[in-house]
Amino acid sequence: MIDPSFLNQLNKLNLILKRRVSNAYAGGRASIQYGRGIEPVDHREYIRGDDLRLVDWKLYGRTERLYIRRFEEEKSMILHLLVDASASMDFQNSPATSIKKFDYAGSLATGFAYLSVHENEKFSAALFSSKLGDVMAPDKSKKHLFTMIDVMNKTPLSGVTDFSTAANQFAKTIRSKSFAVVISDFLAPLDSIEEGVYRMAKASEELMVIQVLDPSEINLAWTDDIHFEDLETKESARTYLSPKFKEEYKHMVAEHIARLQRICNEVGISFNLITTDMPLLDAFVGLIGGAKRGT
Amino acid sequence: MSLPVPSGFLNPAALAAALLVIPLILLYLLKPKPRKIRFPTVMFIKRIEESKRFSALFNKFIKDPLLLLQILVVVLLAAAMANPYALVQRTTAPDEAMAIVIDASASMQATDVQPTRFLSAVQKARELILKASDDSTVSIILAENIPVTIMSNARREKALEVLDRINCADTPSNTPDALILAKDMLSESALPKTVYLISDFAKTEGDVLTSAKILKLNGISVQFIKLNNDVSNAGIIDSDARRTPLNRNLLYLSYTLRNYGDAEEDVTSKVYVDNMLASEESHAIKPLSEEAFQLNVSITSERHLITVEVLDGGMLNVDDKAYAVVPQILTHRTMLLTSGDRTTPVDSGGRDKFVAYAIGAQSNNALRIAEPPVIPSLGEFDTIVIGDVQGNTILPGTFRDIKNFVAEGNALIIIASPDILNISDKNFEDLMPVALTDLIAGEKNIKTTSHEMLADVSLENVVVKKYYRAAAKENATVIAETEGNPLIAYRTYGNGKVIYIGVNPAKDWSNFQYSSSYPIFWAQAIEYANQKYALVKSISQKTGEYLVLEKDAEVTNPSGAKATARSVFLDKTGFYTIHGSDGDETIAVNLENADESDIKTAVYDENSMQALEVTEEKSREELFRVLLAITAVALLIEIVVYRRRGLL
């Protein structure tokens, strides 16, 4: 469940974000180009060939000269949110952590969507597991935001992560001038992840990869004899969690994360690791700060 | 310290607790389901598991030291509850009254047990004493043929000191008596009593098992410690050395060698006369048999010390030598008092011509024949023989002189004669070894006892036809008699000897004078009558006997030790020298004991020990504390493992 209080926190955060700062939040920025838009920017003298519908007749009545109205060309950067809804995201090591990975990821996505709506920018969203699902076309209404929250709250978390396939499908919906955010635990074979990252990077103007993990996934919070069942594949593994074993495991997970980061670095995209024990707002601020720094 | 090997369990039923290992293993195999955790991915876990896969159950056991430790703990606890014990030789014994009987007989000098059986026995005794507790008492007895008490109920420190000073004797063994002595010595003690007999168990006087049973019946524990490697031996078991009767300058030497082994023994025997090699011979002695050897060696009339030495006589040396003393031949001056007539002139011996012949045949005897009443001065003689004389022809005072003559250390020999009863002189009666009553007629044989006067004399065919009814006087020794009437008797008077010979050398009295033994008898009789041994009674004795002297004298034993006593225990073979006021006298002491030379035979064996029900004392050392200690260590290791796993 997406935490509603997070939305209130985002409202306060908006004061900070009033400035037109980020190309990460594309909406609300002045365009350097003129074109057909809603708000007139200035006028210029009519020249032949200009669209007569653009002539400002009121001004002609006062000045008897033909001027045409010039409008700011719409330069809205669409936000594309791709959130992992595979079974592995349905994990929370309660009571150590108070939130599921998916809820955390969804909250982050909501944060991005909120900012987008607030800046009157469109955003699209999609969930994925073994394939793309619940794709919502770009829109900038608040209703769209709440629809997204509703979808996230109701979507059953199942299936195996296939980021490559999902990225391939989602990339086709992305038009130019887009900012894509992928939120997943990326607990899948790195080959598949690498391919998906490349596709998304190619399709979007800018891409942010956010890996959300529960701390216990990194440190194995348990001891003794444990029977693990894989949430996605339902495979089981019984093992004795000795300190040595846990050390090896931690080392292996760190290696996985490091390789994922290398992949992102190679294509010049931002990689962020978030653990679910971090306060949501802090994590989100950190993310957008990072995006700022990335500009 | 090595862990003692358990000999048994005091509570064996508790071993069943070890069966708990089975449910433990089952629990391990069927242990409660592990916590099930639904986890985002087991990808990494599986990778690690695969890199260390030991799927085999055995490997699982090995891999998990906790299970092994737990099994160990259960088994150790079960074993501890069963209270195992080990029978170990007591190292710190409880207080006891200990008597150690060490066989110190000649056979213990055998070298089959290095360095010797005796020295090994002393070492064993030392070990026993060292194991004894501080408050134990120790008695030590040497089992010679007469048990010798070395120490009685002493502290063990003193006993250890004494052990360094005891020696093995050359005597026969008498371990049974030593055991009984040990029993008597321990009787006063209130402590538990144990008698240790350390011996080769060669043949001994008496029955050692019977003595041991007596000790058992008296509540005394008996332990036998046997030092015997069953080796064979050959040795001298008998010897004799003396001058031949007919040629006093010829030594007759005989000795008997016995081979106790199962194989023929080649031995070389050497005969030394006064340390000069006189003869050397080699002999092959058949297994388990004995052979006697004789030889003659020319010697002088002086005293000689004879030594027979056997080389290659096995592992016991003490029986490889025999010793003998051949006394000096004394020259005698004898006066024969007789009477004669025309047919039997006095010059040729008168009525005692056979006596005169016999005495005159001796080269070392100067005989003078006289007929009372005229007799030469007594001082010219050392021996007076009173033959067939007329009682009334002897002048008064003659017997008084003779009495003084004998008292001074000279010899008087009185031959029974028809007129002897008519000699009615108080001095004569005082000298006579026997009291005569009347003359008896009738052919009778003679019964003899062993005596050096009769050593080479055969009286088997001698018949007496007339003899005096007689009774031996209190201080007289009878060596031949018939029908209870002394025929040859002697006594000492003062420093001299008086011999009565009841066999008259006349045709109608006996046929002794015709016997070839007759001159030998007279030679030996005069020799014996003149023996001047002031101190010793015999020049040949055996070890284990006492040398009883006439008075206190200094005695040097074969090893050179000197002691002044009237009675000396002869525990060494060889020559003992007695230093008397009239000069030194020497006697020969031999082992010559067939049982003692038999060092192979052990009178006790394992079976007889079982019959005696003598069990070796062993202390029971309970091991549960050791097991509990090991269990504690195992638990500590388990705790360490738990801590390493972060479970504690």
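Good morning. The model is a predicted one, in which local features need pLDDT of at least 70 and side-chain atom pairs count only at pLDDT 80 or more, while totals for chains, interfaces and linings use all residues. Residues are numbered from 1 along each chain as its sequence is written, and chains are lettered from A and ligands numbered from 1 in the order in which they are written.

A few terms before we proceed. Helices (H or I, at least four residues) and strands (E, at least two) are DSSP runs, numbered from the N terminus. Axes are lines fitted to C-alpha atoms, for helices over the stretch in contact, and angles run from 0 to 180 degrees between N-to-C directions. Two residues are in contact if their C-beta atoms, placed from the backbone, lie within 7 Å.

For chain B as a whole, the secondary structure comes to 15 helices and 31 strands. Of its 648 residues, 41% are buried, where buried means 20 or more other C-beta atoms within 10 Å of the residue's own, exposed means 12 or fewer, and partly exposed lies in between, with C-beta atoms placed from the backbone. Among the contacts in chain B with a separation of 6 or more, 73% are between residues 24 or more positions apart.

Next, a group of strands further along chain B. Strand β29 (residues 574–580) and β30(B) pair in the antiparallel sense over seven bridges, and the two form a hairpin with two residues between them. Here B:Gly574 has B:Val589 of β30(B) as its bridge partner. Strand β30 (residues 583–590) is also joined by three bridges to strand β26 (residues 540–542) of chain B, and these two run parallel. In that pairing, B:Lys542 is partnered by B:Asn590.

I come to a helix crossing in chain B. The axes of α9 (residues 353–360) and α12 (residues 517–529) come within 8 Å and cross at roughly 70 degrees. The two helices are therefore roughly perpendicular to each other; angles under 35 degrees count as roughly parallel, over 145 as roughly antiparallel, 65 to 115 as roughly perpendicular and the rest as oblique. The crossing of α9(B) past α12(B) is right-handed, that is, the near helix is turned clockwise from the far one by less than a right angle, anticlockwise being left-handed. On the α9(B) side the contact is made by B:Phe354, B:Val355, B:Ala358 and B:Ile359, and on the α12(B) side by B:Tyr518, B:Pro519, B:Trp522 and B:Ile526. By class, this contact has eight nonpolar, no polar and no charged residues. Ala, Val, Leu, Ile, Met, Phe, Trp, Tyr, Cys and Pro count as nonpolar, Asp, Glu, Lys and Arg as charged, and the others, Gly among them, as polar.

Finally, how do the two chains meet? 27 residues of chain A are in contact with 20 residues of chain B. On the chain A side, β8 (224–230), β9 (236–241) and α8 (243–266) each give two or more residues, and β8(A) has the largest share, seven residues. That side has twelve nonpolar, five polar and ten charged residues.

An open sheet of three strands spans the chains in the order β9(A)-β8(A)-β2(B), with mixed pairing. β9 of chain A and β2 of chain B are at the edges with a single partner strand each, so one side of each is left without a neighbour in the sheet. Neighbouring strands here are turned by 30 degrees against each other on average, direction ignored. β8(A) pairs with β2 (residues 35–39) of chain B in the parallel sense over five bridges, with B:Arg35 as the bridge partner of A:Ile226. Six bridges join β8(A) to β9(A), which run antiparallel, and A:Glu229 is partnered there by A:Ser236. Helix α2 (residues 43–51) of chain B lies across β8 and β9 of chain A, at about 65 degrees to β9(A). Thank you.

Conventions: Two strands pair if DSSP finds at least two bridges between them.
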